[in-house]
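The sequence and structure come first.

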Amino acid sequence: MNLKITSLVERPELVEPLWNMAEDWPEFILHDPVGWSLIGRIVKDLPEYVLVATDEDNGGKVVARAFSVPFALRDRGTGELPDGGWDQVLLWAFSDLRHGKKADTVSAIEITVDETARGKGLSGMMLGAMRDNARAHGFTEVVAPVRPNAKHLEPAAQIDEYAYRTREDGLPHDPWLRVHVRAGGTIEKVAHASMTVSGSTAQWREWTGLPFDTEGPVEVPGALVPVHCEVERGYGVYVEPNVWVRHTL
């Protein structure tokens, strides 16, 4: 694969193709209200932090994208990474942009690889390109609220144990956390409430194809932890934990 990675500033004509990749995000994830309202604004307002990979041997097909956002971490008290994880850092970034605050940190938001291009190491390449892009913009660190990509296979496992589980070689058990650590990142903490998706039981049935007629935890394909179902009250809530990883550049 003849891969070319550029920012959206350099190639604005890729705005539409970057949304048309073959993806496999679980349907319910797309109903996080913070992501729904702000993810598109990264493309519009922060195109210099949007990276797109194209396969030049395949007509310039978009095969991967990487979104990140600059924000003012040290302006917020101790500068500790938030328990609110992905949702919180997106809200901070666009609040800082609106109020003209000087950013001191870049947060990864998403790295997605087209289904047809997986297994070729593109996620690691995009992470490296994101680090390089942050460095080129004068930043000294990148943080990432990582969604461990094998945690959905163990929804009942405690995230505080899973995040720090390692293989015999000392690298993380989770493949996506392993990519980050190999790239130079350090696991810092768990963001226990990184993303919240709530909906009626009817909506959850539509999103998942499951009956949602049982009170309590419901395991949903693609979910990192069970969804809490309140049958009598007619709603379900999913609170996703992520893992904060810090990359010093």
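## Packing of α2 and α3

Val34, Gly35, Leu38, Ile39, Arg41, Ile42 and Asp45 in α2 meet Trp86, Asp87, Leu90, Leu91, Phe94 and Leu97 in α3, where contact means heavy atoms within 4.5 Å. The residues of this contact divide into nine nonpolar, one polar and three charged. Here Ala, Val, Leu, Ile, Met, Phe, Trp, Tyr, Cys and Pro count as nonpolar, Asp, Glu, Lys and Arg as charged, and the others, Gly among them, as polar.

The model is predicted: local features need pLDDT of at least 70 and side-chain atom pairs count only at pLDDT 80 or more, while totals for chains, interfaces and linings use all residues. Residues are numbered from 1 along each chain as its sequence is written, and side-chain values use heavy atoms, with hydrogens and water left out.

Helix α2 spans residues 33–45 and helix α3 residues 85–99; they pack at an angle of about 45°, with their axes 10 Å apart. Helices (H or I, at least four residues) and strands (E, at least two) are DSSP runs, numbered from the N terminus. Axes are lines fitted to C-alpha atoms, for helices over the stretch in contact, and angles run from 0 to 180 degrees between N-to-C directions. The two helices are therefore oblique to each other; angles under 35 degrees count as roughly parallel, over 145 as roughly antiparallel, 65 to 115 as roughly perpendicular and the rest as oblique. The crossing of α2 and α3 is left-handed (the near helix is turned anticlockwise from the far one by less than a right angle; clockwise would be right-handed).

## Aromatic side chains

The structure holds six aromatic pairs. In one of them, Trp204 and Trp207 are edge-to-face, at 5.0 Å centre to centre and 70° between the planes. Rings of Phe, Tyr and Trp (its six-membered ring) pair if their centres lie within 6.5 Å; planes under 30 degrees apart count as stacked, over 60 as edge-to-face and the rest as tilted.

Both tryptophans lie in helix α7 (residues 201–208), three residues apart, about one turn of the helix. Trp204 also pairs with Phe212, stacked at 5.6 Å and 25°. Phe28, Trp204, Trp207, Phe212 and Tyr238 form one aromatic cluster.

Relative accessible area is 0% for Trp204, 12% for Trp207 and 2% for Phe212. Each value falls under buried (under 20%; exposed is over 50%, partly exposed in between; 1.4 Å probe, protein chains only).

## Asp114

Asp114 sits in the loop between β4 (105–113) and α4 (122–136). Asp114 is buried, at 3% relative accessible area. Leaving aside neighbours within four places in sequence, Asp114 contacts Met21, Ala22, Lys61, Val62 and Val63.
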